[in-house]
Amino acid sequence: MTTAEDPQPSNTEPAFQIELRRLEKSYGQGRVRRSVLNGLDFQAQAGQTVALLGRSGSGKSTLLNLLAGIDQPDAGEVLVNGRHQSHLTDSERTDFRRRQVGFIYQSFLLIPTLTAFENIALVLELNDVRGGELKRRTATMLDDIGLSDRGGSYPDQLSGGEQQRIAIARALVHRPKLVLADEPTGNLDEDSGRSMLALMHSLVSQQHGLLVMVTHSLAVARSAERVLTLEQGKLFEREGEFAW
Amino acid sequence: MTMPMSLKSVSLLHRSSWGYLRRHPWQTGLMGLGIALAVAMVVAVDVANASARRAFALTLESVTAGASHQILGGPSGIDERIYTSLRTDLGFRSSAPVIRGRVRVQGRTLILLGTDPFSEVALNGVQPDSLALADAKVRINPIRVLLQQPSVVLSQQTAQQLGLKSSESFNLDIDGAIKSVVLAATFEADNAAAAEGLVFADMSTAQWLLGRFGVIDSIDLHLQNDEVEPLREWLPAGLTLIDTGNRQQRLMQMSAAFHHNLTAMSLLALLVAALLIVNTVTFSVLKRRTSLGILRSLGVTRSELIRLICIETLIVAVVFGVLGCAFGVALGQVLVRFVSGTISDLYFHLHVTAFLLDYRSIAKGFVLGLGTAFISSLVPAWEAGKSLPVQVLQRSVVESGWHRRLPWMLLFGAVLAALGSAWLQWPSGSLWGGFAALGLQVVGFCLCIPALLMLLVKLIMAVFGYGFGISTRMAVRGIARGVSRSGLAVAALALALSVTVGVGVMIGSFRQTVIHWLEQSLQGDMHISVRNRNTQSVPADLIDDLRHSAEVFQLRQIRRTLVETQFGPLRLMAVASPTPLVTPELIMASEANWQTRLQEDEGVMISETLAYHRSLSSGDSITLLTDVGEKTFSVLGVFYDYTSSRGLLLMDDQVYRQWWRDQRVTAISLSRPPNVSAELWHQRVAERLVPYSETLQWHSSEGIRTLSLALFDRTFTITQALRLLVIVVAMVAIISALLALQLERQQQYALLRAMGMKPGQLMAMVLTETGLMGLVAALLAMPMGVVMADVLIDVINRRSFGWSIQFYWAWETFLQAFALGILSALVAGLYPAWRAARLQPANGLREQ
């Protein structure tokens with residue numbers, strides 16, 4: 001398992017890969033139970049960008065939560081580098097999220113009581129990065145997203161675009177292997193969305209991570225290498241349709 | 001849209017409100033718990049007060065047997081021949097002699113009441129087989145009682161409590177002497193409480209039991225208005241005729257200040273609960289800001305919205321108020337024992353221990369709880385109502401509104417506190433004026449707390465911020481950001497802690513003052529006293545023997561008794577001593593040469609409490625009923641005394657013997673010669689006293705000190721109990737506020753868990769926040785506690801009891817309050833922290 005201290009992936013280390021097998025998930029109780037994932041299979045590895053399309057309520061966000069290990073499937077398996085996630089304790093799953101996952105939310109979800117700098121640095125602190133190293137890496141990240149002059153601002157003092165940049169920086173600052181984005185440009189205008197997407201792709205590719213994005217936007221979907229649609233609880237790969 | 005809502009839509013509005021209450025049982029429950037606890041506190045204290053007051057009244061009534069007037073004698077009592085002449089020479093048939101004394105049965109203190117059954121019949125105009133005593137109808141045959149000497153009569157309830165049956169013999173412990181009596185009969189009392197704790201006997205039996213032959217304590221009379229003056233003129237010197245109604249009223253007033261103090265403590269709990277209610281209602285408004293905003297957008301008017309929130313709070317208040325009343329009555333039954341105990345210790349022995357429920361107390365507590373809930377809900381309701389529809393939808397509007405108002409709250413709070421301080425300086429203020437001024441200070445202090453909390457948080461961040469980790473900073477800033485709730489929680493806790501500090505410092509200061517006073521006033525190394533001041537005397541041969549013994553360096557002779565004065569009965573101490581009667585340290589003010597003038601000018605020294613309550617000072621005079629009639633004595637000085645808030649008179653023994661035909665000595669104190677081992681000396685003197693152990697008891701100075709302090713601590717048990725209850729209410733307030741804060745941050749916590757924060761880290765963060773709130777509350781409570789202690793010592797205590805108390809910095813009280821503040825906040829934070837740690841990130845984030 002890599003840690004946030006690892007600056008770059010080692011050549012000898014096997015490439016990060018994730019696999020979902022016959023995944024099932026439903027909500028509700030008794031008769032009113034509604035199945036959202038129904039025997040879903042999926043496989044992806046580091047270096048890929050994947051876009052997930054689907055109707056509202058089709059289970060896209062649920063799928064992201066299962067990939068991140070913040071939710072548990074009713075049946076089926078989530079394998080990370082061949083290891084069954086269901087065999088992990090809650091503490092091990094938390095460690096997995098802390099070190100290997102970065103999450104970007106549609107409504108940013110920044111911590112209102114922390115400055116932009118602190119919002120980014122919090123993830124490093126959770127990964128035991130302290131002192132000068134923490135400051136240096138956070139400052140570099142702020143510089144990368146073009147907000148080095150806004151580090152001391154609180155979320156409510158930032159524009160929507162700035163907040164989303166901070167959210168992206170927070171998701172990537174610890175160099176995770178898996179970056180999950182739930183409608184990352186959903187709250188932004190077209191121009192801001194485009195520039196945010198470019199930034200995200202550039203940073204993820206620098207870190208050789210796996211990016212999985214949930215989106216309704218064709219523009220976002222087109223930016224991905226693989227496009228999948230979630231219908232009736234199953235994933236379907238769309239080859240060629242979105243290629244350019 | 002300003003069109004009024006239709007009836008149907010208004011009822012739907014209320015249905016939506018009901019739905020909220022039902023779907024948020026935690027918030028509803030916490031608000032209800034605050035109301036229930038506050039109502040319970042008020043009801044409990046009021047019920048206990050009312051019950052003790054009623055017991056006081058019944059005790060007084062039962063010992064005066066419903067007479068309109070009483071003839072009272074001096075310390076030696078009344079010669080029973082005077083009663084005979086009253087009936088035979090003057091023809092006052094509606095009269096009855098009474099003798100009373102304390103006896104112990106199975107460890108319980110009861111009042112032995114000796115009467116003449118035939119006279120009582122005449123006095124109360126009832127048939128010979130139904131003798132009325134106060135409220136109790138005694139159905140016994142007086143002849144039978146007379147024939148079965150020594151026999152007594154008890155109420156059925158008292159007999160049951162003691163496990164006694166008619167014709168059964170049992171022992172009475174009368175000042176150490178055991179005497180056997182027969183229970184001649186039991187009777188069913190109309191009012192069981194009135195006859196509780198009384199042992200009835202006929203006059204001669206009572207005189208025999210108490211060892212007071214030929215003497216009675218008083219004569220009860222039913223007089224017409226025109227009979228009063230002739231009888232007063234006829235009375236021999238040394239006797240006085242009093243109106244029992246006036247006397248009872250005066251005696252009842254003695255304990256009024258004590259009851260007021262307890263009521264004030266319960267009102268403080270109500271204030272803490274009010275903060276809790278404001279907090280819960282504010283939270284419920286915040287939680288529903290979306291639905292309230294939608295309602296406003298749909299055309300619900302401001303007043304309809306305000307009404308909706310107020311009615312909703314009132315419904316909760318009614319339901320939980322009823323529960324609070326029930327709990328209050330149960331709690332009152334416990335408290336009444338403490339209240340009665342304190343009254344018995346401080347003022348008057350209460351033989352009625354039954355719990356006498358006064359329904360007005362319940363109504364009072366219920367209405368106060370409802371009123372507090374209604375007023376508390378007005379602030380958040382008005383806040384929701386006055387906002388524009390779009391603003392109600394925004395959470396930040398509420399917080400920014402609070403931040404904007406903080407300086408004004410601080411200013412207003414400071415003005416209120418200053419007004420309270422100014423009011424306290426008013427020289428002729430009443431006790432309730434003192435409480436009102438203290439109330440202003442307390443409310444002012446609470447208003448200042450949110451602003452002070454912000455300042456302290458900023459200060460902490462400025463000084464320590466760089467040393468903190470990011471999660472700690474998040475915890476600290478969370479307090480400032482949610483000041484609308486954290487401010488109220490800290491205010492509730494700080495108020496409760498300041499009560500703890502204030503009352504604790506007051507009790508500690510009082511205790512230290514009493515310890516200091518005991519050191520100054522306990523002259524001598526051994527104190528010997530009779531077991532019964534009314535009947536017994538220290539034998540003259542023993543006094544002579546000790547006075548001339550080489551083992552005794554100095555002997556002080558004391559007669560303690562009760563004398564009638566223009567202010568009612570007062571305690572008098574006549575002392576014969578080779579040293580000054582009062583040490584210079586205990587003199588507050590005195591005339592020149594007071595020591596010699598005590599004898600030459602026949603003056604008295606009076607205690608501080610008497611001087612305060614009766615506005616007496618050196619140079620004034622006081623009229624006492626002596627055995628040769630009324631005599632005016634000049635007041636030569638005022639001294640510190642903490643034995644009773646009723647007051648004490650000090651007189652030279654020779655002067656006392658001159659005016660009262662009383663040769664009894666009730667106590668002596670002995671000093672050991674220099675260079676004699678204390679232990680050996682005590683042993684040798686005690687050996688000489690052994691033959692007198694039936695009538696005498698003796699203690700070392702250390703023993704007296706220990707006994708006095710034990711009595712002191714017992715007196716304050718009720719205050720300590722109320723102090724704890726206020727803390728419990730504050731704990732509920734802070735748990736409620738913290739839970740509200742944590743519930744609101746569920747999404748944030750879910751996010752942190754999703755980012756990889758472990759449950760332990762999340763718990764630590766929540767507990768850091770709550771612990772810090774406790775720390776700030778404790779810090780703010782210290783100055784307020786000192787102010788409160790100062791007011792309690794210099795104003796409330798002074799106006800209530802008239803005692804001077806030296807302020808003593810009881811550091812342990814401050815440390816206890818400090819630890820209690822942090823601990824309470826941490827305990828209150830445990831559940832929210834546990835809840836946060838157990839949160840499933842996926843559920844918390846789903847809102848997104």
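This is a predicted model: local features need pLDDT of at least 70, side-chain atom pairs count only at pLDDT 80 or more; totals for chains, interfaces and linings use all residues.
Residues are numbered from 1 along each chain as its sequence is written, chains are lettered from A in the order in which they are written, and side-chain values use heavy atoms, without hydrogens and water.

Helix 4 of chain A covers residues 131-144. Helices here are DSSP runs of H or I, at least four residues, numbered from the N terminus. Its buried residues are Leu134(A), Arg137(A), Thr138(A), Met141(A) and Leu142(A); buried means under 20% relative accessible area, exposed over 50%, partly exposed in between, with a 1.4 Å probe and protein chains only. They cover an arc of only 140° around the axis, so they sit on the same side of helix 4; the arc is taken from the directions from the helix axis to the C-beta atoms. On the other side, Gly132(A), Lys135(A) and Asp143(A) are exposed. Just after the helix, Gly146(A) has a positive phi of about 75°.

Now the salt bridges, each a side-chain nitrogen of Lys or Arg within 4 Å of a carboxyl oxygen of Asp or Glu. Over all chains there are 26. One of them joins Glu118(A) and Arg473(B), at 2.5 Å, N to O. That pair crosses between chains, from helix 3 of chain A to helix 18 of chain B, and both residues are buried.

Asp79(B) and Arg81(B) also pair, with closest N and O atoms 2.5 Å apart. Here Asp79(B) is partly exposed at 28%, and Arg81(B) is exposed at 60%.

Technical notes:
Helices (H or I, at least four residues) and strands (E, at least two) are DSSP runs, numbered from the N terminus. The expected span of a helix is 1.5 Å times one less than its number of residues.
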